[in-house]
There are 2 protein chains.
Amino acid sequence: MVTIKDISKECGVSPATVSKALNGYDEISPETVELVKRTASKLNYMPNAAARLLKTNRSHNIGVLFVDDTMSGLTHEFFSLILNSVKEEAEANGYDITFISNNIGRQKMSFLQHCKYRNCDGVVIASVDFQNPEVLELVRSDVPVVTIDYSFDNLSSIVSDNQEGSYRLASYLAEQGHRRIAFIHGERTLVTQKRIRGFNRAMQEYGIKTPPEYLVEARYHNADSVRKATAALLDLEEPPTAIMFPDDFSFIGGQTEILERGLSIPDDISVCGYDGINLSKILNPQLTTWYQNADKIGKESVRKLVEAIEGTSVAEQIMVSGEFLSGNSVRKWESK
Amino acid sequence: MVTIKDISKECGVSPATVSKALNGYDEISPETVELVKRTASKLNYMPNAAARLLKTNRSHNIGVLFVDDTMSGLTHEFFSLILNSVKEEAEANGYDITFISNNIGRQKMSFLQHCKYRNCDGVVIASVDFQNPEVLELVRSDVPVVTIDYSFDNLSSIVSDNQEGSYRLASYLAEQGHRRIAFIHGERTLVTQKRIRGFNRAMQEYGIKTPPEYLVEARYHNADSVRKATAALLDLEEPPTAIMFPDDFSFIGGQTEILERGLSIPDDISVCGYDGINLSKILNPQLTTWYQNADKIGKESVRKLVEAIEGTSVAEQIMVSGEFLSGNSVRKWESK
DNA sequence: TTAATTTACTAAAACGTTTTCGTCAATAGA
DNA sequence: TCTATTGACGAAAACGTTTTAGTAAATTAA
């Protein structure tokens, strides 16, 4: 391993000078800087992140806390997209990312402990149970934190405009003439509440009375659970003519149920999803859905986090807007 | 930050003793060990990974090198599954994972340099271009490496049984009476070659002559490209009665083409995928496919890597077997 | 000319561990 | 009883950086 000392010997200057030359201090003469940099690259020098961290207390590492137990974290396309975007933006800023978990080796440690252990400069939190005591401990600690789709006081957060999304989808269905619109929503998180609010607002604006049976809970990203919810809706005496699904992926569960009953989309029943992931575009029929800008969500959260780490950033709640994606899964409904 | 010194003061012993007590050296009396451990947890002590690394040269960090440019790395369900499994097995062994990239901050650095910078104890490589000079540099370096689905001499590798997979799928189609079987395969990587070999072997065993047009190249995980390949097959004078697709996800592209031509699966045409990801199970009709044990692939690669890091492991090529997943996408074909 | 400032550099401490080599007492062996 | 061994611990160096507080020479100011 080639160290600063090797360079200092090769150049005939002190290690301190090498360090300063490499880090752009202005008290080193241009010729020395030049010499040091050249020999550094000649020797293929790489600074040792650990040694640097030990002195500076900056690891250039940001922690990522995504889903704990539900397991669908890395395989959930929407979150994969966010993760990917977080990774890229972090790297662009000179940071690596570390997954924060709470069982490393045989030793149980809390999320916060894991962060301290790895000296994370900050953490991006998404898709976890925000009531979890360990998450709260982390949030309230001195580690800079940015949350996605959930907001704490005094902390920056990036939220997708969930209310707008479901509002627009529901409005669209109403505009197409549907009056019996059901909404299969996910578990009752904050995100879900926003979406329900958006749905309700649309219903109200179009003067549509929605029977309570039309609002049914299922599990995000879970085709089975959504299939059952769909079945329940289709079994109603007055089944809906349009269904809004919790997300694009789980919609496929509903689709299965619909097709197996000999119904067709969109002739017999109109549907829309949520997320606007790749999958939604290649399904047949192409799914009408709401695109969430995962890329922007990821980038913005890293941007805010780096601000929080490096400077004095003021806590801010950033709303990332989405986009209506029209497919072929909704048809005009003629009122009788 | 609470350090070993704090504990040593609290206990009235030297830092050396604390370190030894905490790390289970046998030269410390049981009472002292007990005392040290108790005060450590009382003070909520966490060792500083960087300081430890500096002395021991072990970061307890393993690098993960997945896809560079193609971008479909984290959003590719199959690789997500491997990544997830790698992460879990790593954590179970006391390691964190770090994504290896070659542009961190504004500074361009090679994969190897990134590994050195972060002091990765070892690296798992998958789904990259194994001819890439930077990848080769890493592979040939002194950093322990395990590769997935590609083998180098003197290095451990974990490979999925690709030949067997496509052999079994093709055989199944033949057994169902199909004689015009096409294979849309991915880019010509080693994996693809194995799959083609498996396919050919089955054709040979069943005495089926496959015209060259029946073997067509498309891009993995790319619905568009696969759709075009499908169109080409259906445009043939003698179109196939069964098509094997490169993977479950991209099959959807083919499905779109098939449905748009008014054909139905499996009545008019039989299909099968590859991977056996979640998606394949919820599609309608359920896809006949080959399940690759991503979980095992991930776990085994970490197991071998940890062996390579910690002890003297002998380089070994581990074959992970898959499983035939029968769906409803193939029908018996009556020969005329 | 002398004093003050600037320029370009260095010595050395520090970050939090681990580990080698002692040391000193207590115990065992002869 | 005297020596050899064992047990339990500590001092201090080391890992590779960064950074503070210098210092000596060169330059400028008075």
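# Close-up views of the protein–DNA model

**View 1. Residue classes around DNA strand C.** The residues of the surface near DNA strand C fall into 12 nonpolar, 10 polar and 6 charged. Ala, Val, Leu, Ile, Met, Phe, Trp, Tyr, Cys and Pro count as nonpolar, Asp, Glu, Lys and Arg as charged, and the others, Gly among them, as polar. This is a predicted model: local features need pLDDT of at least 70, side-chain atom pairs count only at pLDDT 80 or more, and totals for chains, interfaces and linings use all residues. Residues are numbered from 1 along each chain as its sequence is written, chains are lettered from A and ligands numbered from 1 in the order in which they are written, and side-chain values use heavy atoms, with hydrogens and water left out.

View 2. Of the 28 residues around DNA strand C, the nearest are Ser14(A), Thr17(A), Lys20(A), Ser19(B) and Tyr25(B). A residue is near a strand if one of its heavy atoms lies within 4 Å of it. Sugar and phosphate make up 61% of the atoms of DNA strand C that come within 4 Å of the protein. Tyr25(B) places a polar side-chain atom 2.5 Å from a phosphate oxygen of DNA strand C. At Ala51(B), a backbone N or O atom lies 3.3 Å from a base nitrogen of DNA strand C. α2 and α4 of chain A and α2 and α4 of chain B each give two or more residues to this surface. The largest share, 4 residues, comes from α4(B). Helices (H or I, at least four residues) and strands (E, at least two) are DSSP runs, numbered from the N terminus.

**View 3. Contacts to DNA strand D.** DNA strand D is surrounded by 28 residues, the closest being Ser19(A), Tyr25(A), Ser14(B), Thr17(B) and Lys20(B). Of its atoms within 4 Å of the protein, 62% belong to sugar or phosphate and the rest to bases. A polar backbone atom of Ile4(A) is 2.8 Å from a phosphate oxygen of DNA strand D. Ala51(A) has a backbone N or O atom 3.3 Å from a base nitrogen of DNA strand D. α4(A) gives the largest share of the surface near DNA strand D, 4 residues.

**View 4. The contact between chain B and chain A.** The contact (heavy atoms within 4.5 Å) takes 55 residues from chain B and 55 residues from chain A. The two chains bury about 4700 Å² between them, 60% of it on carbon and sulfur atoms. Buried area is the accessible area (1.4 Å probe) that two parts lose on being put together, summed over both. There are 2 salt bridges between chain B and chain A. Arg118(A) forms a salt bridge with Asp96(B), with the closest N and O atoms 2.6 Å apart. Here a salt bridge is a side-chain nitrogen of Lys or Arg within 4 Å of a carboxyl oxygen of Asp or Glu. On the side of chain B that touches chain A, α5(B) gives the most, with 8 residues.

**View 5. The axis relating the two chains.** A rotation of 180° with 0.0 Å of shift along its axis superposes chain B on chain A (RMSD 0.1 Å). That is the relation of a two-fold axis. The superposition is by least squares on the C-alpha atoms of residues with pLDDT of at least 70 in both copies. In chain B, Ala50(B) has the C-alpha nearest the axis, 2.4 Å from it.

Note on methods:
Polar contact = N/O pair within 3.5 Å; in protein donor to acceptor, adjacent residues only side chain to side chain.
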